[in-house]
Structures are given as C-alpha cells and as structure tokens.
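Visitor: I'm new to this one. Can you put it up and walk me through it?
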Amino acid sequence: MENVFDYEDIQLVPAKAVVDSRSECDTSVEFGGRTFKLPVVPANMQTIVDETIALYLAENNYFYIMHRFEPEKRLEFAKDMQARGLYASISVGVKEEEYTFVQQLVDAGVTPEYITIDVAHGHSNGVIKMIGFIKKHLPGSFVIAGNVGTPEAVRELEHAGADATKVGIGPGKVCITKIKTGFGTGGWQLAALRWCAKAATKPIIADGGIRTHGDIAKSVRFGASMVMIGSLFAGHEESPGQTVEKDGKLYKEYFGSASEFQKGEKKNVEGKKMFVEYRGPLKDTLVEMEQDLQSSISYAGGDKLSAIRTVDYVIVKNSIFNGDKVY
Ligand SMILES: NC(=O)C1=CN([C@@H]2O[C@H](COP(=O)(O)OP(=O)(O)OC[C@H]3O[C@@H](n4cnc5c(N)ncnc54)[C@H](OP(=O)(O)O)[C@@H]3O)[C@@H](O)[C@H]2O)C=CC1
Ligand SMILES: Nc1nc2c(ncn2[C@@H]2O[C@H](COP(=O)(O)O)[C@@H](O)[C@H]2O)c(=O)[nH]1
C-alpha cells in the first residue's frame, strides 16, 4: 500500500464559496433509509452512550448506536424507543447467547431499525455467520458489521449481507490493540478508510481516531458516510462516565470496551481507562460540530455534504499543528 497517512497528515484544499453564509450549508446525511442532521455517531461504548443520550439523539434527528454491555436491557430498550415512535439502534456480539437474543427479538416481534455487530476483529466467520442469522430472521434490520481494516474484509462482509461496514482496528484513544498485538490501522486510519472505501459498494462508518472536528470532514472526503467518535463525546455533562474533580478542574471517565475495567477481568485486554476534560452540555458540542462542518462544506465550494467528497487534498505529513492545541 502506497500513500500511508493519517488525519494530521492531510489538509483539504479550499474551493471558491458558492454560499453567502455558512448557515446555508446542509450537513445532513442519509444513512440506512433515514436522514440525520450530522454524519456523526457517538461510539457504542458504556461511557459514551446510555438510554437518556440515545433518546435525546433519536428525538433530535441524530444517529445513535446503543452499546451491548447491559445485554439484558436491549429488548426493552428497543421496544421503548419504537413505542415512542423513534428508531431503535442496538449492538450485538457474536457469542452463542447473542443468537438467543436475536431470537428473542424475533419472538417478541421487535425488528430494530439498526443492528450493529460490534467485535474487535470483524473479518471473521463468527461475524459472517451472525450477519446471515440476522438477515434471515430480521430482514428489516439495517446491519452494520465491524470492525475491519482491509478491502477484503469490507467485500466479504458486504457479500455476507452487511448493509454497512465499520472501519477502524486500533486507532481509538483508549485503544491498546496496536501496542499489545502489533496490528491495526492506528497511525494510518485515514489511509485505511480510503483503501476500504474504494472497495465498498455500501456505506462505511469510519471508527476511531477523530481528534478534531476537521477530522469529520476529512473522513467524509476519504469515503465515510458516517463517523463514529468516542473521546470527543466522553467529556459531557450527560456522558455516562464518572465525573471527578482534580485540582479544581472537572474530568470525565472514558474506558475502552475491551479494557479490564469493562471486562471485569484481565483477559485479552486491549483497552485502557483515562479521564478527559469536562466539556459542558452535549448539545453545545453537537451544534459546534454542525457549524464547523457547515464551514467545511463552504470551503469545499458547495452547500451540501457531498461537496466535500471530491475536494482536492495535500499531504503535509504531521506538520499542521505546529505544536498548537485545538482544545
Ligand atoms: N475497534 C477496535 O480497534 C477494537 C474494539 N474493541 C471493542 O471491544 C469490545 C470487545 O470486543 P471483542 O473482544 O471482540 O468482543 P467479545 O469479547 O464479545 O468477543 C467476540 C468473539 O470474538 C472472539 N474474538 C475476539 N477477538 C478475536 C480475534 N482477534 N480473533 C478471533 N476471534 C476473536 C472472541 O473469542 P475470545 O475472546 O475467546 O478470543 C469472542 O468469541 C467491542 O466493543 C469491540 O468493539 C476491542 C478491540 C479493538
Ligand atoms: N482497541 C480498542 N478499541 C476500542 C476499545 N473500546 C472502544 N474502541 C474503539 O475506539 C473507538 C473510539 O475511538 P476514539 O478515538 O474516538 O476515542 C470506538 O468506537 C471503538 O471502535 C478498546 O477497548 N480497545
């Protein structure tokens, strides 16, 4: 693979504006038959999303994916969202009990609008089998499968019936997969996204490694329909992680789904726990993301998200921050 780069190595090249105000730019995206305000989804992790946040996001036309770490709550959650006239979007794993859970959904007559198969190594027979099972028994669900990091994996999961694939092995902020195993897309996530997107015939979710709002535009440029973000969503008032105070400053807990903390045991640990700075209300960040993306669209010379997909870019190799910090 030639041209290996990551988010900080790329700058998008401005084109002449066609709008008189950034507010004219439309950041909405169609994904799985619905239109959402932003091409952004908070990570399906226990310190990022809970029932309250999922409800807020669905009610306000944002995409969400509920995590799978309180498995017994999922059926009622899906029923409750649909009873409110909202879409249900849940996660599953691939172990035997997850087949029982999918069967429970079928027996209860509940078809979640979105089901995400959420495992570390998505290019596997276990995931292919689960895609087939869901597609057979809940054909109305839009199935997102991951995580993967190669075009072969994207093709194979699409071929198995996945409606979208999720790309990103190890670029996450609380990820230690790259250190513990030597594998993954950490350090070249944007190039991996581009590589996978070239092979994809269905939407791709870019997952992990987003450190600034500009990285959302870059993900869209390199083929993402949706961008999954953990760390930038961890520090909010509503974020489910614990709030702690240190030297008069507030922080929120953020831990990996494969951390010892999440698993409750030291077995195949590929994640860590950290604290991120408190950032205030979630809705303020969502508004700021929308405004920043509107600005990106205007720099792309258009008034819709699709304008970003074709802009020129340059490779600037790790130099754009020059020691500056964004937050
Ligand atoms: N995006 C990323 O880079 C990563 C994300 N994660 C997140 O951590 C959580 C836990 O993930 P995961 O451990 O997969 O979930 P599970 O513990 O539910 O494991 C899923 C199944 O896949 C098997 N499995 C896990 N890793 C591999 C592998 N490398 N090769 C073959 N089989 C494997 C497991 O068996 P067994 O445990 O016996 O091996 C198990 O049967 C998920 O939310 C996932 O998204 C974790 C690591 C990387
Ligand atoms: N290798 C691991 N990756 C993990 C773990 N828990 C979650 N994740 C992935 O990280 C992204 C979020 O990344 P961020 O850079 O936006 O913070 C998340 O969506 C998962 O794909 C883990 O324990 N190990």
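Visitor: Where does the charged end of Arg-221 sit?
Guide: Over the ring of Phe-222, 5.3 Å from its centre. A charge sits over a ring if NZ of Lys or CZ of Arg is within 6 Å of the ring centre and within 35 degrees of the ring normal. Arg-74 also lies over a ring face, that of Phe-101, at 3.9 Å from the ring centre.
Visitor: What should I know about the model and the numbering?
Guide: This is a predicted model, where local features need pLDDT of at least 70, side-chain atom pairs count only at pLDDT 80 or more, and totals for chains, interfaces and linings use all residues. Residues are numbered from 1 along each chain as its sequence is written, chains are lettered from A and ligands numbered from 1 in the order in which they are written, and side-chain values use heavy atoms, with hydrogens and water left out.
Visitor: How many aromatic pairs are there?
Guide: The structure holds 18. Rings of Phe, Tyr and Trp (its six-membered ring) pair if their centres lie within 6.5 Å; planes under 30 degrees apart are stacked, over 60 edge-to-face, the rest tilted.
Visitor: Which kind of pair do Phe-31 and Phe-142 form?
Guide: Edge-to-face, with 5.2 Å centre to centre and 65 degrees between the planes. Phe-31 is in strand 2 (residues 29-31) and Phe-142 in strand 7 (residues 142-148), so the pair ties together parts 111 residues apart in sequence. Strands (E, at least two residues) and helices (H or I, at least four) are DSSP runs, numbered from the N terminus.
Visitor: Is Phe-31 buried or exposed?
Guide: Buried, at 0% relative accessibility. Phe-142 is buried too, at 14%. Buried means under 20% relative accessible area, exposed over 50%, partly exposed in between (1.4 Å probe, protein chains only).
Visitor: And how do Phe-63 and Tyr-87 pair?
Guide: They are stacked, 6.2 Å centre to centre, with 25 degrees between the planes. Phe-63 is buried at 0%, and Tyr-87 is buried at 6%.
Visitor: New topic. How many residues surround ligand 1?
Guide: 17, and Arg-68, Asp-118 and Gly-170 are among the closest. A residue is near if one of its heavy atoms lies within 4 Å.
Visitor: What polar contacts does ligand 1 make?
Guide: A polar side-chain atom of Asp-118 is 2.5 Å from a ligand 1 oxygen. A polar backbone atom of Gly-170 is 2.7 Å from an oxygen of ligand 1. A polar contact is a pair of N or O atoms within 3.5 Å; within protein, one must be able to donate a hydrogen and the other to accept it, and residues adjacent in sequence count only if both atoms are side-chain atoms.
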